[in-house]
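Visitor: Hi! I'd like to talk through this fold with you. Could you put it on screen?
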Amino acid sequence: MTYTPPKTWTNDSENGGKFASINRPTAGARFDKALPIGNNPLQLYSMNTPNGIKVNIMLLELAKLGLTGAKFDAYKIDIMNGDQFGSGFVDINPNSKIPALLDNSANPPIKLFESGAILLYLAEKFQKFIPTDAAKRAECLNWLFWQMASTPYVGGGFGHFYAYAPKKFEYPINRFTMETKRQLDLLNTHLADKTYICGEEYTISDMAIWAWYGRLVLGDLYNAGEFLDVKSYTHLIKWATMMAEKQSVKQAVNLELQAIES
């Protein structure tokens, strides 16, 4: 059946899908809720989704280096229960998306949101996992921002219509599958002669890209491995497998997050 959009859209019908109960066309806090604050310099408020896992990896890698200023407390923001709309969380991230980070070593504390911004902030603060050479640093940032710009087509596009939408429609699935496979082919070609995304140096671009694309080709997202023929992306799978074997990456996928009392 063909859909004819109205002249002005209104939110007056249930659209179904996994996130229908929490989605609204307005931003801002929906209820008052202070966030707990631990004793460590960094306070993470997140969930172990791909976007959360990126920052988990970075924090665990910094912790492994024994950096005192990188110690952190981690709290769970259950996005299915709407925790992201509490006033304390919205105060850090007005966009109500995980992850969010509070750096209490600064006065006043520094509020951080968007996973790419958090990764870059931590890399610059501790001068770790980001190249110091200007050209290599630019390449690292190229791929970090590529991930931020490209992944919505994978998650909000392909993932939504293939795995979460209440009904399957050929047009959006074909459209976003095409783009997802184009991106996988791009990464596969890029990694044909490289150990890491930016060559031989492990950087925040690897952390960001692996959380989405590495897990996708390893079969951890959307149960879509066969559908996307991920086995054909051999260079990408080799890199993804290598990343998955890192101890910090293993821990990041299931990082223990403290519950926030209701």
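This is a predicted model: local features need pLDDT of at least 70, side-chain atom pairs count only at pLDDT 80 or more; totals for chains, interfaces and linings use all residues.
Visitor: Where is the place of Pro108?
Guide: Pro108 sits in the loop between strand 3 and strand 4. Helices here are DSSP runs of H or I with at least four residues, strands are runs of E with at least two, and both are numbered from the N terminus. Residues are numbered from 1 along each chain as its sequence is written, and side-chain values use heavy atoms, with hydrogens and water left out.

Visitor: Got it. What kind of peptide bond joins Asn107 and Pro108?
Guide: A cis one, with omega of about 0°. Ile98 and Pro99 are also joined by a cis peptide bond, again with omega about 0°. Pro99 belongs to the loop between helix 2 (87–92) and strand 3.

Visitor: And how do strand 3 and strand 4 run?
Guide: Antiparallel: strand 3 (residues 100–103) and strand 4 (residues 110–113) are joined by four bridges. Strands count as paired if DSSP finds at least two bridges between them.

Visitor: Which residue does Ala100 stand opposite?
Guide: That's Phe113, in strand 4.

Visitor: Which other residue has a positive phi, near 50°?
Guide: Asn223, which is not a glycine either. Asn223 lies in the loop between helix 6 and helix 7 (225–228). With a relative accessible area of 72%, Asn223 is exposed.

Visitor: Let's step back. How many helices and strands does the protein have?
Guide: Nine helices and four strands. Along the sequence they follow the pattern β-α-β-α-β-β-α-α-α-α-α-α-α. The radius of gyration is 19 Å, close to the 18 Å that the globule rule gives for 262 residues, so the protein is as compact as a globular protein of that length. That radius is taken over C-alpha atoms, and the rule is 2.2 Å times the number of residues to the power 0.38.

Visitor: What box do the C-alpha atoms fill?
Guide: Roughly 60 × 50 × 30 Å, taken along the principal axes. Of the 262 residues, 47% are buried.

Visitor: Now the inside. Is Leu119 buried or exposed?
Guide: Leu119 is buried, at 0% relative accessibility, and it lies in helix 3 (residues 115–126). Leaving out residues up to four places away in sequence, Leu119 touches Lys54, Val55, Met58, Leu144, Ile204 and Ala208. Contact means heavy atoms within 4.5 Å.

Visitor: How far apart are Leu119 and Val55?
Guide: They are 64 residues apart in sequence and 6.3 Å apart in space, C-alpha to C-alpha. For the whole protein, 71% of the contacts between residues at least 6 apart in sequence join residues at least 24 apart.

Visitor: On to helix 5. What is Thr180 in contact with?
Guide: Aside from neighbours within four places in sequence, Thr180 is in contact with Tyr153, Val154, Phe158, Leu216 and Leu228. Thr180 lies in helix 5 and is buried, with a relative accessible area of 0%.

Visitor: And Asn188, buried or exposed?
Guide: Buried, at 10% relative accessibility. Asn188 is also in helix 5 (residues 170–190). Again leaving aside neighbours within four places in sequence, Asn188 is in contact with Ser232, Tyr233, Thr234, His235 and Leu236.

Methods: Buried means under 20% relative accessible area, exposed over 50%, partly exposed in between (1.4 Å probe, protein chains only).
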